Amino acid sequence: MRIDVVSIFPSYFDGLTLSLLGKARATGLLDLQIHDLRNWAGDRHRTVDDTPYGGGAGMVMKPEPWALALDDLASSGPEAVDRPTIIFPSPAGELFRQKTARDFAAREHIIIGCGRYEGIDERVFEYAASLGEVRLVSLGDYVLNGGEVAAMAMIEAVGRLIPGVVGNPESLVEESHEDGLLEYPSYTKPAAWRDRSVPDVLLSGNHGAIAKWRGEQQLERTRQRRPDLLSD
Ligand code: J9N
């Protein structure tokens with residue numbers, strides 16, 4: 001799988017060389033390339049933003065560098081006729097869920113455009129739709145300064161779903177959100193610690209009883225913490 005990221009802060013993504021995703025990149029399962037939007041700027045100062053038409057606070061990202069970046073990257077993917085999925089992190093987008101991560105993990109080529117909070121010229125989204133499928137995606141109902149942190153969260157969530165990236169695929173299906181519920185509580189040794197003991201059922205060796213208890217815990221935690229997951 002190929003993921004291209006376009007950002008004015010490419011060094012944000014240095015952390016993605018570490019750990020699990022770093023290994024996926026090293027082994028070739030994930031071809032992740034980070035690009036500086038300013039490489040596609042047209043002037044000596046490498047300008048990528050300008051004042052908003054109609055007035056208002058802040059600056060808006062200019063369309064020309066984005067269009068040139070998307071032109072280059074959309075035709076550089078793994079397939080001969082490449083129609084990439086083009087993701088723009090945005091607080092005004094659809095919510096990013098585990099289901100969204102599974103959807104994205106099945107794609108050959110993803111381009112992620114990281115804008116600043118004040119926004120990208122609207123015509124960029126229209127132009128991007130001529131090159132691929134455009135998705136505006138929100139990490140949640142709060143405001144970030146730019147799309148970089150949201151992009152990193154999405155890359156990690158998607159990257160670990162690529163077949164072969166997580167060593168034991170069984171660990172993927174047992175996680176929070178894979179079955180629409182929160183995860184059951186986990187314990188390890190010692191069985192008694194600072195006056196707190198591990199629930200007896202987990203020491204019983206009765207696998208049926210353990211599975212039942214874990215299912216009840218998942219449901220109870222979800223009801224208490226995330227009742228919205230039970231209704232939608
Ligand atoms: N969920 C979310 C995304 C954002 C962004 S994307 C670009 C700027 C801010 N804020 N919150």
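Predicted model: local features only at pLDDT ≥ 70, side-chain atom pairs only at ≥ 80, totals over all residues.

Entry 1: I started with Ser138, where an N or O atom of the side chain sits 3.2 Å from a nitrogen atom of the ligand. Next I looked at the backbone. Leu139 has a polar backbone atom 3.0 Å from a nitrogen atom of the ligand. For Tyr142, I get 2.7 Å between a polar backbone atom and a ligand nitrogen. How much of the ligand does the protein bury? I find 98% of the 310 Å² that the ligand exposes when taken alone.

**Entry 2: ligand, the shell.** I counted 14 residues around the ligand, and the closest are Pro89, Ser138, Leu139, Tyr142 and Leu144. So the three contact residues from my previous entry, Ser138, Leu139 and Tyr142, belong to that closest group. Which element gives the largest share of the shell? I get strand β5 (residues 85-95), with three residues. Sorting the shell by class, I have seven nonpolar residues, six polar and one charged.

Entry 3: Rolling a probe the size of a water molecule over the atoms shows where empty space is left. I searched the whole structure and found one cavity of 30 Å³ or more. The volume of the largest cavity comes out at about 40 Å³. I listed its lining as Ile3, Ile87, Phe104, Ile110, Ile112, Met154, Ile155 and Val158. What classes are in that lining? I count eight nonpolar residues, no polar and no charged ones. By element, β6 (109-113) and α5 (148-159) each supply at least two lining residues. α5 gives the most, with three.

**Entry 4: Asp43.** I moved on to the loop between β2 (31-36) and β3 (49-50), where Asp43 lies. Buried, exposed or in between? I get a relative accessible area of 32% for Asp43, so I note it as partly exposed. I then checked the Asp43 side chain for partners and found a polar contact of 2.6 Å to the side chain of Thr47.

Methods
Residues numbered from 1 in each chain as written. Heavy atoms only, no water. Helix = DSSP H or I, 4+ residues; strand = E, 2+ residues; numbered from the N terminus. Buried < 20%, exposed > 50% of the residue type's maximum accessible area, 1.4 Å probe, protein only. Polar contact = N/O pair within 3.5 Å; in protein donor to acceptor, adjacent residues only side chain to side chain. Near = heavy atom within 4 Å. Areas by Shrake-Rupley, 256 points an atom, 1.4 Å probe, with all protein chains shown as cover. Nonpolar A, V, L, I, M, F, W, Y, C, P; charged D, E, K, R; others polar. 1 Å grid on protein atoms, 1.4 Å probe; cavity = no way out; pocket = protein on both sides within 12 Å on 5 of 7 lines; lining within 4 Å. Points joined across faces, edges and corners; volume = space filled by probe spheres on them.
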